[in-house]
Amino acid sequence: MLRRIGQWTLRIAAALAVAAVLLYLGDWAVFQMRGSPQATVHVSRLMVVPLNNGKQEYDYEGTFDEPCSLSLFPQGGMNACWRLRRNPAEVITV
């Protein structure tokens, strides 16, 4: 009985992995066929710097337009636009 559960678990994990790879490859193919569409999203940047006393200093770096790809996954070295639109604040920890 446990052997069957293990086999089904392995089959399901393999099917999910194959589905994820196929989804990414399909997204890449559509991104390339559409001519690598890009957009820009207004992002504000905040830098977190650790101090010697264990506290942290927050420095506001300003806002800027960041290029992004119009795809499901990050493509062309850019983040996906839907992700940047949902999280317009970028926090960088030094």
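These legends describe close-up views of a predicted model.

**View 1. The largest nonpolar core.** Five residues make up this core: Val-41, Val-43, Cys-68, Cys-81 and Leu-84. Two elements, β1 (38–50) and α2 (81–86), each supply at least two of the core residues. In soluble globular proteins, nonpolar side chains tend to be buried together.

**View 2. The disulfide between Cys-68 and Cys-81.** The sulfur atoms of Cys-68 and Cys-81 lie 1.9 Å apart. This bond links distant parts of the chain, with Cys-68 in strand β2 (residues 56–69) and Cys-81 in helix α2, 13 residues apart. The torsion about the S-S bond is about 90°, so the disulfide is right-handed. Both Cys-68 and Cys-81 are buried. The count for the model is one disulfide.

**View 3. Surroundings of Cys-81.** With neighbours within four places in sequence left aside, Cys-81 is in contact with Ala-39, Val-41, Cys-68, Ser-69 and Leu-70. Of these contacts, Val-41 and Cys-68 also belong to the largest nonpolar core.

**View 4. The salt bridge between Glu-90 and Arg-45.** A search of the whole structure finds one salt bridge. The side chains of Glu-90 and Arg-45 meet in it, at 3.5 Å from N to O. The pair joins distant parts of the chain: Glu-90 is in strand β3 (residues 89–93) and Arg-45 is in strand β1, 45 residues apart. Glu-90 has a relative accessibility of 27% and therefore counts as partly exposed. Arg-45 is partly exposed too, with a relative accessible area of 26%. Side chains of opposite charge can pair when their charged atoms come close.

Technical notes:
Residues are numbered from 1 along each chain as its sequence is written. This is a predicted model: local features need pLDDT of at least 70, side-chain atom pairs count only at pLDDT 80 or more; totals for chains, interfaces and linings use all residues. Side-chain values use heavy atoms; hydrogens and water are left out. A nonpolar core is a set of buried Ala, Val, Leu, Ile, Met, Phe, Trp, Tyr and Cys residues joined through side-chain atoms within 4.5 Å. Buried means under 20% relative accessible area, exposed over 50%, partly exposed in between (1.4 Å probe, protein chains only). Helices (H or I, at least four residues) and strands (E, at least two) are DSSP runs, numbered from the N terminus. Contact means heavy atoms within 4.5 Å. A salt bridge is a side-chain nitrogen of Lys or Arg within 4 Å of a carboxyl oxygen of Asp or Glu. A disulfide is a pair of cysteine sulfur atoms within 2.5 Å.
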